[in-house]
Amino acid sequence: MKAIVIEQYGDRNQLKEKDVDFPVPNENQVIVELHATSINPIDWKLREGYLKEMLDFDFPIILGWDAAGIVAEVGSAVENFKVGDRVFARPDTTRFGTYAEYTAVDEHLLAHLPENVSFEEAAAVPLAGLTAWQCLVDFSDIQEGDHVLIHAGSGGVGHYAIQIAKQKGAYVAATASGKNQEWVEKLGVDRFINYKEEEFSEVLSDYDIVLDTLGGEIQEKSFSVLKEGGRLPSIVQPPDEDLAAKHGVKAGFVWLEPSGEKLAKLASMMEEGDLVSVIGHRFDLSEEGLKEAHSVSETHHAKGKIVINIK
């Protein structure tokens, strides 16, 4: 089968198109014929070698950890999926990723894909959507009426977080650049902050939750807009424990735990029209397509999600 692999760490030029062996499922896995995948920062961070201490993989590595497609084969112990089912998943982080025509996925990480949701839209959701869910629901225990600030509301995680927070009945503020204001507000944002014109820490206060997708100085300033007892999940770096204690807030670094069960909840939201994927960029499964896709992701200014169409 065709796959895009890396054979050593480095820049985008390490992405190579290769013929690789077809995956073989273990008893608890299914083989998914991939129709689409999407790009996340973990892809190029791993490609550059930034994660090699944590994820010590042998080469060659197939990057990509978002899957949407059709079940092509099932392991002997699989109970809830059959050949022909439409599915999507955030597979385990292994060296056999989703920049390929087929991939193996553990059954407990899969969710059924509603008929009214395209493979392209579904492929955008798993990693970013589950990250937003874990930050807001699992870590922050979001409640109706909470005031929530989402940094980089036009990004992959940010635009799903806005929709999840609104669906939970929260009042939502989001930062983004002015060029993204119109579509970000359409997602339901109550207070849009153009970060080039307004300083969020000067105009907001008494917030229950701040979702930090940027780190650094932004994270530091975010403590000041939280009320006592507020929550600050970060997806970029562990927050300063002394600052958290000083402000009386719960702060923590959220590293995604994939879950088919939680993905099924996102699937229900998608089916009902409460969660849409904003896809700003599309590329095909080729060496050139993946290089361009990585290039866009590395700017940190991609609109919504970057999707790779495979079939």
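Predicted model: local features only at pLDDT ≥ 70, side-chain atom pairs only at ≥ 80, totals over all residues.

A residue is called buried under 20% relative accessible area, exposed over 50%, and partly exposed in between.

Lys265 belongs to helix H9, which covers residues 260-272, and its C-alpha atom is separated by 27 Å from that of Ser297, 32 residues apart along the chain.

Two surface patches can be described. The negative patch is formed by Glu17, Asp19, Asp284, Glu288 and Glu292, and both strand S2 (16-19) and helix H10 (287-298) contribute at least two residues each to this negative patch. Glu292, one of the patch residues, has its place in helix H10 and counts as partly exposed because its relative accessibility is 41%. The nonpolar patch on the surface consists of Met54, Phe253 and Trp255, which together have about 310 Å² of accessible area. Met54 is found in the loop that runs between helix H1 (41-48) and strand S4 (61-62), and with a relative accessibility of 48% Met54 is counted as partly exposed.

| Residue | Relative accessibility | Class |
|---|---|---|
| Glu292 | 41% | partly exposed |
| Asp206 | 52% | exposed |
| Met54 | 48% | partly exposed |

Asp206 sits in the loop between helix H6 (200-203) and strand S12 (207-211), and its C-alpha atom is 9.8 Å in space from that of Val148, although the two residues are 58 residues apart in sequence.

With 10 of its 12 residues buried, H4 is largely enclosed by the rest of the structure; the buried residues are Gly156, Val157, Gly158, His159, Tyr160, Ala161, Ile162, Gln163, Ile164 and Ala165. The length of H4 can also be checked: at 1.5 Å a residue, the 12 residues of this helix (residues 156-167) should span 16 Å, and the end C-alpha atoms are 17 Å apart, which agrees. Just after H4, Gly169 adopts a positive phi of about 90 degrees.

Key:
Residues numbered from 1 in each chain as written. Heavy atoms only, no water. Patch = residues over 30% accessible without salt bridge, like charges linked within 9 Å, V, L, I, M, F, W, Y side chains within 5 Å. Areas by Shrake-Rupley, 256 points an atom, 1.4 Å probe, with all protein chains shown as cover. Salt bridge = Lys/Arg side-chain N within 4 Å of Asp/Glu carboxyl O. Lys, Arg positive; Asp, Glu negative; His and termini not counted. Charge placed at Lys NZ, Arg CZ, Asp CG, Glu CD. Helix = DSSP H or I, 4+ residues; strand = E, 2+ residues; numbered from the N terminus. Buried < 20%, exposed > 50% of the residue type's maximum accessible area, 1.4 Å probe, protein only. Expected span 1.5 Å × (residues − 1).
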